[in-house]
Amino acid sequence: MLSSRFKPWHVPLFLSKYGWLVLRKRPVLVHFEVTLRCNAKCGFCDYWKTPADARKHELKSFADAARHFNPMLVTYTGGEPLLRRDLEEIVSAVDAAVRLKYVTLITHGGMLTPERASSLRDAGIHQFNISLDYLDGRHDTARGIAGLTQRIFHQIEGMRARGIDNIRFNTVIKDDNLDQLMPIVERASALGCGVNFSVYTNSKNGNADHMLNAPHHAALDDAIKQLLDYKRRRRGVITNSDAYLEQIPQWVRGEITEPCKSGQRTIHIDPLGHVKRCPDFPTDFHWRDFRAYEPINCNACFYACRGEAQAPLRLSRVRDVMGRPQPHALA
Ligand code: SF4
Ligand code: SF4
């Protein structure tokens, strides 16, 4: 599922760039953490405790770093990136610095209006990823933002009306939302949106409350089977690869032993311009001093960014990318 701003003839160009980056051992995907501040209050992440005056030290521009890495994929994340009032300027400077790229914004959605989404799209955002772990008030409670869930759905209608065609939910699979996964997929499909799943870990701040332990294994297996069955019937709504989804139960059971390749295909650059191999590791050096990462024996998470980087490329992956959900009424 790609933004309609991209045409089939872009695919070989992206594949060429991918090959060029891999040959040069450069990251394919660069995440710019434009701020670590956040106005949500999630129990599994401490970014919201970042002091407000941290903004004084945040880089005004990431364009030099973007030019240096020349990545194929760029993601703006945080913290909550929409807290940056100058986000449009940051995005358009990177847009001018890198010629061929696909650009995603990750947000909790609490401040995303159709107007702001339009100005960010005009600045260079191709895809909006909005966190959504439950369809009901549990999501508001988990994020500490009253009315968030209904606000997200309302704003998505406005975004769609403005022609914003690539919106995805980022859904974390937890112990208490296994019953929500298919309903979220159905809702996304009705709205013409996608869903990208990841799996809960305590690696952010040690909060193990939502880990999928042995009592959840059978329900998890069943939920993953339903997602894979859905994907076989309909491509383009669930945007994870089949291989990633298939491996989630293995990771949960401690059966994944392959070293983590984070930092090889993907890196994170923090608000000060320092590089880390993944969101949950400390920074290692300034981006100007970047040195290629080696695989590491860490199994603390199975985030989609880790699992997808290690997933084998199958034909079904191409069909996932080319598939496009159409809005429809819920059955
Ligand atoms: S998980 Fe996201 S929304 Fe929640 S506190 Fe952390 S940065 Fe904010
Ligand atoms: S498994 Fe990889 S991505 Fe996850 S915390 Fe460890 S190093 Fe980071």
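Student: In this predicted model, which elements make a β-α-β unit with β1 and β2, and what is its handedness?

Tutor: A unit of this kind is read by following the path from one strand over a helix to another strand, and it is right-handed if that path runs clockwise with the strands pointing away from the viewer. Here β1, helix α2 (residues 63-69) and β2 make such a unit, and it is right-handed. A right-handed β-α-β unit is also made by β2, helix α3 (residues 87-97) and β3.

Student: In which sense do β1 and β2 pair, and over how many bridges?

Tutor: Pairing is read from the bridges that DSSP finds between two strands. Strand β1 (residues 29-33) pairs with β2 in the parallel sense, over five bridges, and Phe32 stands opposite Tyr76 of β2. On to β3: strand β3 (residues 102-107) runs parallel to β2, the two being joined by four bridges, and Tyr76 has Leu105 as its bridge partner in β3.

Student: How many residues of strand β2 are buried?

Tutor: Burial is read by counting the C-beta atoms around a residue, and 20 or more others within 10 Å make it buried. In β2 (residues 73-77), four of the five residues are buried, so by this count the strand is mostly covered.

Student: Which residues come nearest to ligand 2, and how does its shell divide by class?

Tutor: A shell can be read first by its members and then by their classes. Around ligand 2 there are 14 residues, of which Cys260, Ser262, Cys278, Cys298 and Cys301 come nearest; the shell has eight nonpolar, three polar and three charged residues. Around ligand 1, the residues include Cys38, Cys42, Cys45, His108 and Arg143, and that shell divides into six nonpolar, three polar and two charged.

Key. Residues numbered from 1 in each chain as written. Chains lettered and ligands numbered in written order. Predicted model: local features only at pLDDT ≥ 70, side-chain atom pairs only at ≥ 80, totals over all residues. Near = placed C-beta within 6 Å. Nonpolar A, V, L, I, M, F, W, Y, C, P; charged D, E, K, R; others polar. Buried ≥ 20, exposed ≤ 12 C-beta atoms within 10 Å, placed from the backbone.
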